[in-house]
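Open the model in your viewer and keep the selection panel handy.

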Amino acid sequence: MLVIDGHEVFTEMHELVDPAHTAVVVIDPQNDFCSEGGVFARGGKDMSAFPAAIAAAAKLVDRARAAGCKVIFIQNQKLPDGKSTSPGWLRFMALHNKLDPNDAEMCLVGSWGAEFVPGLQPEPPDIIVQKWRSSAFVGTNLDMILRVHRIRTVVCCGFVTQGCVESTARDAGFYDYYPVVVEDAIATHDQKLHEASLTVQRTRYDVVPSEVVLAEWEKKTPQLA
């Protein structure tokens with residue numbers, strides 16, 4: 001820990017991920033992003049990286065619960081008939097994200113595609129926050145929930161690396177939390193984009209393998225080892 005401008009600043013991993021003030025935010029582990037038959041898969045995207053990342057995220061979440069961390073699942077949503085979209089957002093989804101404009105019902109409210117994947121599901125007392133854009137902070141109550149629970153560190157896992165994960169991690173920093181990204185518990189459809197995003201993220205906050213975070217939790221709760 002350092003003292004800068006009169007503030008105590010965490011510098012060590014054991015300080016950052018202390019369960020007393022850490023939330024694990026699981027970003028968009030949903031069928032449309034992660035499962036065969038979802039919008040990504042139907043669009044021809046490479047799904048090969050997702051199973052291992054789902055397994056790593058599931059282990060991270062299980063250990064987080066056991067250690068006493070707050071666990072928050074983020075659920076991407078879209079209202080029917082364009083009620084929650086804009087031309088700018090549709091341009092991103094259809095053109096920059098290279099999805100079929102006629103198959104643009106990604107994470108439609110109440111659909112199978114919007115459901116969480118079987119291997120990574122919320123359990124009581126986990127919290128679910130629904131979002132409408134890439135960042136889990138934009139237009140949601142996530143910041144309020146984190147502050148109510150006196151959270152200081154946001155540990156990010158989920159999907160996709162260069163999109164919703166990076167957007168949420170960046171905003172976590174902008175909202176004055178410590179962002180920690182678990183590099184093996186996130187994935188995207190393009191390994192080059194994954195690596196490029198991680199390269200950028202490492203210049204701004206902590207990007208670590210899950211074993212680093214789990215080791216700190218095991219020190220505080222030896223039964224997890």
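Start by selecting strand S3 and strand S6 (residues 153-159): they pair in the parallel sense over 6 bridges. Strands here are DSSP E runs of at least two residues and helices are H or I runs of at least four, numbered from the N terminus; two strands pair if DSSP finds at least two bridges between them. This is a predicted model, in which local features need pLDDT of at least 70 and side-chain atom pairs count only at pLDDT 80 or more, while totals for chains, interfaces and linings use all residues. Residues are numbered from 1 along each chain as its sequence is written, and side-chain values use heavy atoms, leaving out hydrogens and water.

Zoom in on Val 25, which stands opposite Cys 156 in S6.

Is S3 itself buried or exposed? Of its 6 residues (22-27), 6 are buried, so the strand is largely enclosed by the rest of the structure. Buried means under 20% relative accessible area, exposed over 50%, and partly exposed in between (1.4 Å probe, protein chains only). Show the side chains: Thr 22, Val 24 and Val 26 point one way, and Ala 23, Val 25 and Ile 27 the other.

Next, widen the view to the open sheet, whose 6 strands run in the order S5-S4-S3-S6-S7-S8 with parallel pairing. Strand S5 (127-131) and strand S8 (206-208) are at the edges with a single partner strand each, so one side of each has no neighbour in the sheet.

Select Phe 50 and Phe 159: their ring centres are 5.4 Å apart and their planes at 35°, so the pair is tilted. Rings of Phe, Tyr and Trp (its six-membered ring) pair if their centres lie within 6.5 Å; planes under 30 degrees apart count as stacked, over 60 as edge-to-face and the rest as tilted.

The whole structure holds 6 aromatic pairs. One of them is Phe 33 with Phe 40, with centres 5.4 Å apart and planes at 85°, so the pair is edge-to-face. Both Phe 33 and Phe 40 are buried.

For a last stop, select Phe 137, Tyr 175 and Tyr 177, which form one aromatic cluster.
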